[in-house]
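Please look over the model below before reading my comments. They are brief and go point by point.

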Amino acid sequence: MSFRNLIDGNLNKAFNQVRDLASDAVLTRKSDPSFDFNSGAITTTDTTLNIKIIAVASTQNTEDHNVVKKEALMKSREIGALTPYDTLTFDGYEWNIGEKMVNSGFVFLVEIFREA
């Protein structure tokens, strides 16, 4: 058994053992936009992926903007590549992916935000 498979297996166990701290989420990936010169329309294709995340560290800025920020932990093997154009839907809200992304090769730690 390889170490990669061992780590991925233990990571799956960890996400299952945190029970209610892990949330079911839908990751929506936006494709590169294309422009139709005949109609003048910009089209994108969205694909969705059901994943589990652990969201932590909620903050809310109230001075200039009314924004709620969290950090989310996701398994990178489920996701593959992640871009700031993707969105994450969980707990009834759509969250945008922030610029701060850390990929350890096994998990992503990303900043997510939404307007309150």
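1. Basis. This is a predicted model, in which local features need pLDDT of at least 70 and side-chain atom pairs count only at pLDDT 80 or more, while totals for chains, interfaces and linings use all residues. Residues are numbered from 1 along each chain as its sequence is written, and side-chain values use heavy atoms, with hydrogens and water left out.

2. Helix 1, length. Helices and strands here are DSSP runs numbered from the N terminus (helices H or I, at least four residues; strands E, at least two). Helix 1 covers residues 3-17. The expected span of a helix is 1.5 Å times one less than its number of residues. For the 15 residues of helix 1 that gives 21 Å, and its end C-alpha atoms are 21 Å apart, so the two values agree.

3. Which residues of helix 1 are buried? They are Asp 8, Leu 11 and Phe 15. Buried means under 20% relative accessible area, exposed means over 50%, and partly exposed is in between (1.4 Å probe, protein chains only). The buried residues fall within an arc of 60° seen down the axis of helix 1, so they line one face. The arc is taken from the directions from the helix axis to the C-beta atoms. An α-helix has 3.6 residues a turn, so residues three or four places apart point the same way. The face turned away from the buried side of helix 1 carries the exposed residues Phe 3, Lys 13, Asn 16 and Gln 17.

4. Asp 8. Asp 8 sits in helix 1. Asp 8 counts as buried because its relative accessible area is 8%. Leaving aside neighbours within four places in sequence, Asp 8 is in contact (heavy atoms within 4.5 Å) with Arg 77 and Phe 106.

5. Positive phi. Two residues deserve a look at the backbone. Arg 19 is not a glycine, yet has a positive phi of about 45°. Arg 19 follows helix 1 and lies in the loop between helix 1 and strand 1 (22-30). With a relative accessible area of 65%, Arg 19 is exposed. Asp 91, also a residue other than glycine, has a positive phi near 55°. Its place is the loop between strand 6 and strand 7 (93-103). Asp 91 is exposed, at a relative accessible area of 53%.

6. Salt bridges, count. How many salt bridges are there? The count comes to five. The rule asks for a side-chain nitrogen of Lys or Arg within 4 Å of a carboxyl oxygen of Asp or Glu. The next two points take up some of them.

7. Asp 46 to Lys 30. These side chains meet in a salt bridge, 3.7 Å from N to O. The pair links distant parts of the chain: Asp 46 is in strand 4 (residues 46-61), Lys 30 is in strand 1, and they are 16 residues apart. Asp 46 is partly exposed, at 41% relative accessibility. Lys 30 is partly exposed too, at 36%.

8. Two further pairs. Lys 100 and Glu 71 form a salt bridge at 3.3 Å, N to O. This pair also links distant parts of the chain, with Lys 100 in strand 7 and Glu 71 in strand 5 (residues 67-75), 29 residues apart. Lys 100 counts as partly exposed at 46%, and Glu 71 as partly exposed at 23%. Glu 78 and Lys 75 form a salt bridge at 3.3 Å, N to O. Here Glu 78 is partly exposed at 33% relative accessibility, whereas Lys 75 is buried at 9%.

9. Thr 87. Not counting residues up to four places away in sequence, Thr 87 touches Val 26, Leu 27, Thr 28, Lys 30, Glu 94, Trp 95, Asn 96 and Ile 97. Lys 30 is also the salt-bridge partner of Asp 46.

10. Tyr 93. This residue is found in strand 7. Tyr 93 is partly exposed, at 43% relative accessibility. Leaving aside neighbours within four places in sequence, Tyr 93 is in contact with Leu 88 and Arg 114. The C-alpha atoms of Tyr 93 and Glu 115 are separated by 9.6 Å, and the two residues are 22 residues apart along the chain.
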